[in-house]
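Could you walk me through this structure, one selection at a time? I have it open in my viewer and would like to know what to click on next.

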Amino acid sequence: MRERILYGLGAVAAALLVRNIWKLLTGLPDEAFQGAIFRIIFFHVPAAFTSFTCFLCALIAGIAYLKSKNLKWDSFGVSVTEVGLAFGAANLISGMIWARIIWGIWWTWDWRLTSMLICWLLYAGYLVLRRAIEEPTERARLSAVMSILSFSVVPFVFFSIKWFRTQHPQPVLFGDGKMDTGYRVMLYSNWIPLLMFAAILVAVRMMQERRQREIDALRRAAHAF
Amino acid sequence: MNDAAARNFEYLAYGLAAVWTILVIYVLTLVSREKKIGRQIEGLQRMLEDKQGK
Amino acid sequence: MRFLRQTLTVAAKDLRSELRTKEALNASLSFALVILLLFSFAFDPTADTTREISGGLLWLVFAFAGALILNRSFARELENDCLDALIASPVPGPALFLGKALANYVLLLGIEVVCLPVFGVFYNVHVAGQPLWLALVLLLASWGVSVVGTLFSALTVNLRLRELMLPMLVYPMLIPCLMAAMQLTTPLLAGQPLQGDLLAWMRMLIGFDIIFTSLALVLIDTVLIG
């Protein structure tokens, strides 16, 4: 049953994505200064939204685990963090390709780029921490703490880097809050299939975590013989 | 403006390809983990059967 | 009141055992001096541009040296199961944590006080231009470093590769704190008073300290006991 839901979700997401890409390439006019390349933003920004949604879910999972001590929350936490990192990487890489064309450089220490990179490093640290702990409940407990701490440092990172960078001249960012309605609708309508895709990945990853726990239980049973 | 090169279509393709490549790589790691889990379960089941057979 | 006394007892115990052996203190102090020396090869130490990044250099040194102290903070208790004894003692987790953070804080401040004049001499910077403000920045930022660092020291104490994990996890967390400290220290070393934009950094530093101190106090029982 659960697998059928996932397949259905995947089909809807794929259909929406195909429709969106089609509309992107044929329906929307080019942005005045950037030509076709600006269309990357319709994946770039939704990917960032998706990854932050995932990190927010990781925070909720961390708190819920500490409250309930239910390992399901732990597997949810690690799943959303991994998927969030994947989407964060997609966001960073697509942004770099865009920047190469529009700004002429691969990377600039603009506050958005920098804070996204720091977020990425923080949550990558979460995964590294998990790898270093063998015992499942201890791993769940400590990584929940790490998740909560990571999320609480993110606003600080955002504000500090924004203050830091706005004191320097920076490339003028495209859009900057003023975006045509057609583009905006496109942006959000592309976020929905990406979120669905993320949800599928999270569900698959959670099933794997559950089976991994079953394996561990089997192994204990085998050794108990 | 219909000239594909002037409109940077090439790099748009690279950008979109990069986004999806990363996501596909993640999916592939999921698949490989799936396989690993399957192998482990198989091995364990065999081990349990062996032990029960004795 | 009792909580305060317990905190101070733990802090005094940590400081005493550190001052008797001086193992972390010596290592981190000489490490800090070596980094100060190495920086002089990275760029011209007498150039004016060096003065513009002096705050950044100084805090990098402190962050590196701090990691050595923080590593030892909980790891020292592993021998003879001292950590278990501490957890089993009637001292509550938050008091244990605060005591350890306080001890690290004092050690870190000690290293800073030694490094600051050395830095001033090596890099031709007048460190005492704004002594009170500089002291305030040092006090606030070092507290941020020791609170977050001590929490992670507790978190990583039972891990494999503890010495590697701690800096890897702590430095990204400390970015806002260190950045504010760097932004504030550079003009202070140039002798300028704090005003305007810089006060916003000061507020952020205070906010960081408050939020992470309270988070650490809430989470420490989970980290230590589960």
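Predicted model: local features only at pLDDT ≥ 70, side-chain atom pairs only at ≥ 80, totals over all residues.

**Stop 1: the chains**

Colour the model by chain. Two pairs of chains are in contact, and chains A and B share the most contacts. Now look at chain B and chain C: these chains do not touch, and their nearest C-alpha atoms are 23 Å apart. While chain B is selected, look at its secondary structure, which comes to one helix and zero strands. Chain B has 54 residues, and buried ones make up 15% of them.

**Stop 2: where chain A touches chain B**

Select the contact between these two chains, which takes 27 residues from chain A and 25 residues from chain B. On the chain A side, helix 2 (41-68), helix 3 (71-102) and helix 6 (181-224) each supply at least two residues. Which helix of chain A gives the largest share of this side? It is helix 6 of chain A, with ten residues. Colour the chain A side by class and you will find 18 nonpolar, four polar and five charged residues.

**Stop 3: where chain C touches chain A**

Move on to the other contact, with 23 residues from chain C and 22 residues from chain A. On the side of chain C, helix 8 (162-189) and helix 9 (197-224) each supply at least two residues. Helix 8 of chain C gives the most, ten residues. By class, the side of chain C that touches chain A has 19 nonpolar, three polar and one charged residues.

Leaving aside neighbours within four places in sequence, Val145(A) is in contact with Leu155(C), Leu219(C), Thr222(C) and Val223(C).

**Stop 4**

Show the side chains where they meet: from helix 8 of chain C, the residues include Pro176(C), Cys177(C) and Ala180(C), and from helix 9 of chain C they include Leu198(C), Trp201(C) and Phe208(C). By class, this contact has twelve nonpolar, one polar and no charged residues.

**Stop 5: the nonpolar core**

Next, highlight the largest nonpolar core, which has 126 residues. Among the residues with the most contacts inside it are Val145(A), Val148(C), Cys177(C) and Ala180(C). Helix 8 of chain C gives the most to this core, with 15 residues.

**Stop 6**

Click Ala63(C), in helix 4 (residues 54-75) of chain C. Is Ala63(C) buried or exposed? Ala63(C) counts as buried, because it has 22 C-beta neighbours inside 10 Å. Leaving aside neighbours within four places in sequence, Ala63(C) is in contact with Val145(C), Tyr171(C), Leu174(C) and Leu178(C).

Then select Lys22(C), in the loop between helix 1 (2-21) and helix 2 (23-42) of chain C. Lys22(C) has a positive phi of about 60° although it is not a glycine. This residue counts as exposed because it has 10 C-beta neighbours inside 10 Å.

Finish at Asp81(C), in the loop between helix 4 and helix 5 (82-88) of chain C. Asp81(C) is not a glycine, yet has a positive phi of about 55°. With 11 C-beta neighbours inside 10 Å, Asp81(C) counts as exposed.

How values were computed:
Residues numbered from 1 in each chain as written. Chains lettered and ligands numbered in written order. Helix = DSSP H or I, 4+ residues; strand = E, 2+ residues; numbered from the N terminus. Buried ≥ 20, exposed ≤ 12 C-beta atoms within 10 Å, placed from the backbone. Contact = placed C-beta atoms within 7 Å. Nonpolar A, V, L, I, M, F, W, Y, C, P; charged D, E, K, R; others polar. Core = buried A, V, L, I, M, F, W, Y, C linked by C-beta atoms within 7 Å.
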